[in-house]
Amino acid sequence: MGLRAKIKFKNMKNLVHYLTAGILLLALVTPRAFAYDFSAVCESGQTLFYNIISYTEPYTVEITCEHMFSDDVISPYYTDYLIGSLVIPSSVTYNDITYSVKNIGNHAFWCCRGLTSVTIPHTITTINYNAFGNCDSLNAVYYTGSIKQWCEIDFVSNPLGSAHNLYIDNTLITNLILPNTLTEIKPLAFSGATCLTSVAIPNSIITIGHGSFLGCSNLVSVQIGDYVTNIGGMAFSMCSSLTSIVIPNSVTDLGDEAFRNCNALNTVILSNSLTTIRNDVFADCSNLETINIPEGVLSIGERAFDKCFDLASVSLPTTLNSICNGAFRLCRSLESVIIPNSVTSIGKWAFESCNNLSEIIIPDSVTTIDDGAFRNCSSLAYVQLGNSVTYIGNSAFSGCSALTSIDIPNSVTDIDNYAFRYCNLLQDISISNSVRDIGTGVFDDTKWYNDQPDGLLYLDNWCLGYKTSLPESNIIIREGTKGITGFKECVWIYNIEMPSSLRNIGNRAFFNCQYLRSVSLPDSLVYIGDGAFGGSGIEEFTLPVSLELIGNGIFSSCRNLKRINYNARNSMVRGNGIIYDLQQISVLTIGDCVMSIPQYAFRDCNLNMPGCHNLDTIYSLAFNPPMTSDSTFVDVATWHVHLIVPCGSVSTYNNAEYWSDFTNIQEECSDIEENEFADLHIYPNPVGNTLNITSSEEISSIEIVNEIGQVVYRTDVNGNNAVCDVEGLTAGVYFVRIHGTDTTSVIQKKFVKE
C-alpha cells in the first residue's frame with residue numbers, strides 16, 4: 001500500500017512545487033527503468049541494447065540489458081527474452097556513427113533461458129559479471145577471433161560456464177594448444193569448458209590466471225610449460241578427470257584451491273621452488289595416494305589436503321614451520337606421518353579423523369597443539385608430546401579411542417576443554433607441576449574417569465570437579481591440591497573451602513555456580529583462569545597478594561558482586577578486565593601492598609554503559625599510587641567515581657600520571673578511628689631520635705612516609721610494641737602507617753620530627 005498524507009497548501013506556487021517533487025520522486029522509485037542508450041536489431045534477428053562507452057573516436061559501446069529493477073539488488077528485465085542462436089555484431093551504427101562493440105556488460109543476457117548458442121566477435125575485450133547468468137539452454141559459444149585473442153579477454157564471468165563448448169573457426173576445441181606468443185592465460189579464460197580433453201601450455205606462459213580451467217571436467221591431460229611462475233587460485237579446480245600433474249620447478253606460487261575437487265587426481269609432483277602449500281590446494285582430491293612436500297616449504301595451508309581419503313603417505317620437509325587448520329583432515333588412509341623438528345604449531349583439526357594414524361611423535365619444536373588437532377583419530381595408540389608444548393587445545397585428542405596412556409611434559413601450562421574426552425582406553429595419565437589450567441571435561445569418558453568413585457575427582461595434585469549423582473553443597477578441597485577446575489554449572493555449591501596449597505583456578509572452574517556466595521582464596525594462589533567465577537552468586541571477592549595472572553572476565557555476569565578487594569601486588573590481566581559487566585559493583589578497594597595495576601584491569605565501567613554503572617567509590621590503601629597505564633581505567637567514569645586515598649597522600653595522587661584523571665580525590669585519615677587498634681599510642685610527638693609505638697593488638701609491620709609519599713623507613717614487628725630509630729630523618733612532618741596482622745587493618749598517624 002502507498003503512503004497517505006494530508007497536505008495544506010497556502011498558495012498555488014506551493015502546490016506546483018509539491019506536484020513537481022512528487023513526479024520526480026515517482027521517476028526515481030519506479031521499479032522499471034531503461035538501462036540502455038539505444039537498441040538495434042542484430043544479424044540473427046534479436047534486439048540488442050547498448051550503452052555508449054566512448055562518444056569520441058574510437059567510438060565504442062557495451063551490450064547491456066533492456067531494463068533494471070532499482071531495488072536493494074539490480075535485477076535485469078526484458079520485455080521479450082532472447083531465444084535461439086544469437087550473433088553479436090562486431091559493430092553497430094546509431095545516429096550515423098558506427099560503434100565498435102567492445103564489452104558485454106553486467107547481466108547483459110541474464111535469464112535468457114531460450115538462448116541455445118552465441119557468436120562472440122573478436123572485438124570483445126571484456127565479458128562482465130553474470131553476463132550469461134541463468135542461460136540454461138546455452139550449449140555453444142562461437143568465437144570469431146583466434147585462441148590468442150580469446151585468452152586476452154577480461155572475463156569477469158564466462159559463458160562457457162553454461163555453454164561448455166567453445167568453437168573457434170567453427171571447430172570445437174578439444175585438444176587445446178596455446179600459441180607460444182602468449183605470456184598469460186587470463187582468469188576464467190576456459191572456465192566451464194567441458195569440451196577440453198587436453199591442454200598444452202607453452203614455455204612462453206608465465207601466469208595461469210585464477211579459475212582458468214575451473215570445471216573442465218573432461219580434462220585428462222595438462223602439460224605446463226617450464227617458465228610458468230604463478231598458477232592462480234582454482235586454476236584447475238573441479239577438473240574431475242585429471243589423473244596426474246607435474247608442477248614445474250619454475251612455479252613459485254600455487255594458488256588457493258588450485259586443484260580442489262580433482263577427484264581422479266592420483267599422482268602429483270610439486271615444484272621445488274614452492275615455499276607455501278596454500279589453502280585447499282588439493283582439498284577433496286579423494287584419489288590422491290601419496291604426496292612429497294619439497295624442501296623449502298615453510299607452511300601447509302588450511303585444508304590443503306582435506307578429504308584426501310586415499311592419501312596414505314606424506315613426506316614433510318625439514319623446513320616446515322606450521323601445519324595449518326585442517327591441513328590433513330579426514331585423510332582416512334594416512335597411517336603414519338613424521339613431523340619434522342622445525343614445526344612450531346599444529347593447527348585446528350590438522351589431522352582430525354585420520355582413522356588409520358596409529359602413532360604420533362610431537363617434536364620439541366612444537367609449542368601449540370590446537371583445537372581438535374587429532375580428534376577422532378580412532379587408531380592412535382601412542383602419543384609422545386615434545387618438551388616445548390605449552391598448549392593442548394580444545395578436544396585436541398578427543399575420541400582417540402585406542403590411546404591408553406599420556407604423559408604431559410613439564411612445558412605444558414594449559415590443557416583446554418575436553419582435550420582427551422572419549423579416549424575410552426586412556427588410563428595412565430601424568431600431569432606435570434607446570435600446568436596452570438585444565439579445562440572442563442578434559443578426561444571425561446576415559447577409562448581413568450570411569451574407574452573413579454563418586455565424589456571429588458583428583459588427578460595428581462589437581463581437583464577436576466565432582467563425580468556423583470548426589471552432589472554436596474559444601475565442598476572441601478584437600479590440602480596439597482595445587483589446581484582446581486571442572487565445577488562448571490554446579491548450582492548446588494553453596495560454599496567451598498580452598499586449601500592453602502592452591503596455586504591455580506582453571507578457566508570457567510566455577511562458572512554459573514549461582515548459589516556460591518563467598519570464596520576465600522589463599523595467599524598461595526597465582527592464577528585465575530578466564531570466566532572462573534562468571535555467573536556465580538558471589539557478593540564480595542578478595543584477590544590475594546600472590547596473584548600473577550588474572551584471566552578474561554573472571555567475574556562476568558556476577559549480578560550480585562558488590563565489592564572487590566584488589567590486593568594483587570604485581571599481576572597481569574588479560575581480556576576484558578576485572579570489573580567488566582559487573583552491574584551491581586559499587587566499591588573497589590585497592591590494597592596497600594599493590595605496586596602496579598596492569599592495563600585494562602578496570603576498564604569498561606562507565607555510567608553510559610549497561611555494565612558496572614553503579615561503581616561510585618574506589619578506595620586505594622596504597623600511600624604511594626600504584627603504577628598504572630593509560631588503559632588501566634579505560635572508560636571508568638573518573639569524573640563520577642570518588643577516589644579515597646590514605647591520609648596525607650592526596651597531593652601525590654593528584655600529581656600521579658593517570659590517577660590525576662580522577663576529579664574527586666579525597667583523603668581518609670584514620671587518626672579518629674583508633675578502635676581499629678585498641679589502646680594504640682605513639683610517643684613522643686614531636687620526636688627527636690626514637691619513636692615508640694604500643695598497642696594491645698598485634699602489629700605486623702610499620703612504615704614511615706614523608707609528605708611527598710616516599711617510604712623512608714620500614715620494619716617488621718609481629719608484636720605489640722615497636723621502637724623506631726628516626727634519628728636520621730630530617731626535621732618535618734611524617735606519617736607512620738601501622739599494619740595489623742589482618743592485612744586490611746591499617747592506621748595512619750601523623751608525627752613531627754624535630
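User: Starting with Arg714, what's its relative accessible area?
Analyst: Arg714 has a relative accessible area of 47%, so that makes it partly exposed. Keep in mind that this is a predicted model.

User: Noted. Which residue does Arg714 form a salt bridge with?
Analyst: That would be Asp716, with the closest N and O atoms 2.9 Å apart. Asp716 has 52% relative accessibility, which puts it in the exposed class, since the cut-off for exposed is over 50%.

User: How many salt bridges does the count come to?
Analyst: The count is 16 salt bridges. One of them joins Asp280 and Arg303, whose closest N and O atoms are 2.8 Å apart.

User: Is Asp280 buried or exposed? And what about Arg303?
Analyst: Asp280 is buried, at 4% relative accessibility. Arg303 is partly exposed, with a relative accessible area of 30%.

User: Which residues are linked with them in a network of salt bridges?
Analyst: The network has Glu257, Arg260, Asp284 and Glu302 in it, along with Asp280 and Arg303.

User: OK, next pair. What do the side chains of Asp414 and Arg436 meet in?
Analyst: A salt bridge, at 3.3 Å from N to O. Asp414 sits in strand β36 (residues 414-415), while Arg436 is in the loop between β37 (428-430) and β38 (437-438), so the pair ties together parts 22 residues apart in sequence. Asp414 counts as buried at 12% relative accessibility, and Arg436 is partly exposed at 27%.

User: Switching to the hydrophobic side. Which residues touch the most other members of the largest nonpolar core?
Analyst: Six phenylalanines: Phe109, Phe190, Phe213, Phe305, Phe374 and Phe420. That core has 145 residues. Strand β3 (residues 47-54) gives the most to this core, with four residues.

User: Pick Phe374. What does Phe374 touch?
Analyst: Leaving out residues up to four places away in sequence, Phe374 touches Ile346, Phe351, Leu357, Ile360, Ile362, Ile369, Leu380, Ala396, Phe397, Ser398 and Cys400. There is also a second, separate core of 59 residues, and among its members are Ile505, Leu516, Leu582 and Leu588.

User: Why would side chains like that be buried together?
Analyst: As a general rule, nonpolar side chains in soluble globular proteins tend to be buried together.

User: Which residues form a nonpolar patch on the surface, then?
Analyst: Val491, Tyr494 and Tyr515 do, with about 280 Å² of accessible area together. Tyr515 lies in the loop between β44 (504-505) and β45 (518-520), and is partly exposed at 36% relative accessibility.

User: Now sheets. What order do the strands of the open sheet of four have?
Analyst: The order is β17-β19-β21-β23, with parallel pairing. The edge strands, each pairing on one side only, are β17 (184-185) and β23 (253-254).

User: How many bridges pair β17 with β19?
Analyst: Two bridges, in the parallel sense; β19 covers residues 207-208. Ile185 has Ile208 in β19 as its bridge partner.

User: Last one: what's phi for Trp349, and for Tyr422?
Analyst: Trp349 has a positive phi of about 55° although it is not a glycine. Trp349 is in the loop between β30 (345-346) and β31 (359-361), and counts as partly exposed at 34% relative accessibility. Tyr422 has a positive phi too, near 65°. Tyr422 is in the loop between β36 and β37, partly exposed at 39% relative accessibility.

Definitions and conventions
Residues numbered from 1 in each chain as written. Predicted model: local features only at pLDDT ≥ 70, side-chain atom pairs only at ≥ 80, totals over all residues. Heavy atoms only, no water. Salt bridge = Lys/Arg side-chain N within 4 Å of Asp/Glu carboxyl O. Buried < 20%, exposed > 50% of the residue type's maximum accessible area, 1.4 Å probe, protein only. Patch = residues over 30% accessible without salt bridge, like charges linked within 9 Å, V, L, I, M, F, W, Y side chains within 5 Å. Areas by Shrake-Rupley, 256 points an atom, 1.4 Å probe, with all protein chains shown as cover. Core = buried A, V, L, I, M, F, W, Y, C linked by side-chain atoms within 4.5 Å. Contact = heavy atoms within 4.5 Å. Pairing = 2+ DSSP bridges.
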